[in-house]
Amino acid sequence: MTASACVTVHGEREIIPSATEGEAAAALKEFTAAYNKADKEFDPSLDAGYVTGPLGAINQAGLKAKHKNHPDGNERHAPLKLTDAKFTIPKQAGWPKFFLADTDSNRDRDDKSAYDNRWLLVFTRTGADATWKGTYLSLVGLDEVPRLKKDSEGLAEPVKPADAALLAQPRRLSGAYTEFLGKKGAEETFAPGSHTTRWRENRAKSASRMGYSRQYIDQPMTDGAFAPLGLRTVDGGALVFFSTHHYEKTTAAKGLDLRLTEDQKAMMTGEAKQSVTLERVSNQSAVDPAKGGEGKVDILGRIEGLTGARGE
């Protein structure tokens with residue numbers, strides 16, 4: 001069937017591509033331009049309309065802190081360039097809609113080494129007239145980007161938040177991850193690695209450094225713009241992006257310095273006489289295998305950013 005001029009296709013009801021290739025390319029271009037303007041001026045208002053979710057929380061808080069410390073702008077600004085973009089566009093009904101941009105950045109080495117990676121950017125929009133906004137960002141090694149399932153039209157398959165065919169339902173990944181970090185369960189869910197077992201081990205070591213004590217609280221983030229988004233992989237699993245919320249309280253023994261950074265000081269509420277609680281938002285990309293196999297959830301990449309600080 002073809003749509004005539006008098007037929008309206010409703011994105012909230014019909015299963016349609018979330019975007020065209022041209023729309024996706026334009027969204028990436030507009031995002032990059034806004035990001036560069038904001039980074040040059042350290043002005044969060046210049047890209048506030050192009051970011052949301054965990055990426056937005058990290059970006060806006062960081063720019064606000066830097067603007068406070070450097071009101072004249074970023075003297076070391078170097079424009080971000082995202083090239084070789086490969087778009088994965090799913091068929092969807094309802095809102096928000098999303099797509100994935102797999103890009104090469106000018107912030108690494110293009111030598112196929114461990115320092116060469118791909119920037120995976122997830123864009124979402126909440127309605128037909130809304131702006132596409134960068135929501136998730138993950139840096140993944142060249143050989144770690146999973147193969148995504150596509151149909152004969154080249155369109156991808158989104159996974160539902162409650163997909164029971166996966167080892168971990170996407171809506172439960174954030175909670176399982178924070179339980180794992182707090183040693184309260186989910187041991188059978190996550191594969192060992194730098195963002196799971198090693199991160200937990202490093203936090204345990206730093207918790208009782210001489211003269212300092214550290215306490216951690218990890219919380220899931222699953223609502224609104226922080227909801228998980230995923231795409232089916234060719235093996236029946238999924239590439240899932242999800243958010244988490246973290247608090248780190250450091251208490252110093254009498255006479256010791258808390259050693260705060262300029263960004264931490266810029267975000268500070270209260271006075272850090274003896275302790276400081278740092279608030280961070282983190283976003284993860286993960287390969288969630290099909291249930292029944294031998295694999296575990298593999299965290300491919302994690303980016304976190306400071307979003308608040310409270311002194312006591």
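Let's start at Asp84, which counts as partly exposed because its relative accessibility is 45%; on this scale buried means under 20% relative accessible area, exposed over 50%, and partly exposed in between, with a 1.4 Å probe and protein chains only. Asp84 is not a glycine, yet its phi is positive, about 50 degrees. The residue sits in strand E2, where helices (H or I, at least four residues) and strands (E, at least two) are DSSP runs numbered from the N terminus.

A word on the ground rules: this is a predicted model, with local features needing pLDDT of at least 70 and side-chain atom pairs counting only at pLDDT 80 or more, while totals for chains, interfaces and linings use all residues. Residues are numbered from 1 along each chain as its sequence is written, and side-chain values use heavy atoms, with hydrogens and water left out. The predictor's confidence in each residue, pLDDT, runs from 0 to 100; its mean over the protein chain is 93, and 96% of the residues reach 70 or more. Over residues 1-9, however, the pLDDT is below 50.

Now follow helix H1, residues 21-41. Its 21 residues reach 31 Å from first C-alpha to last, close to the 30 Å expected at 1.5 Å a residue, the expected span being 1.5 Å times one less than the number of residues. Among its buried residues are Leu28, Phe31 and Asn36. The cover over the buried residues of H1 includes helix H2 (53-69) and strands E2 (82-88), E4 (97-105), E5 (117-125) and E6 (133-141).

The largest one has 19 residues, and Phe87, Phe99, Leu121 and Phe123 have the most contacts inside it. H1 gives the largest share, four residues. Leu121 touches residues including Leu28, Phe31, Phe99 and Leu137, contact meaning heavy atoms within 4.5 Å. A second, separate core of 17 residues includes Leu166, Ala168, Leu173 and Ala238.

Further along, helix H4 (residues 197-206) buries Trp199, Arg200 and Arg203. Seen down the axis of H4, these buried residues fall within an arc of 100 degrees, so they line one face of the helix; the arc is that of the directions from the helix axis to the C-beta atoms. They pack against helix H3 (170-181) and strands E7 (212-221), E9 (238-252) and E12 (298-311).

One last stop is the backbone at Trp95 and Pro96, which are joined by a cis peptide bond with omega about 0 degrees.

How values were computed:
A nonpolar core is a set of buried Ala, Val, Leu, Ile, Met, Phe, Trp, Tyr and Cys residues joined through side-chain atoms within 4.5 Å. Lists of a residue's contacts leave out its neighbours within four places in sequence.
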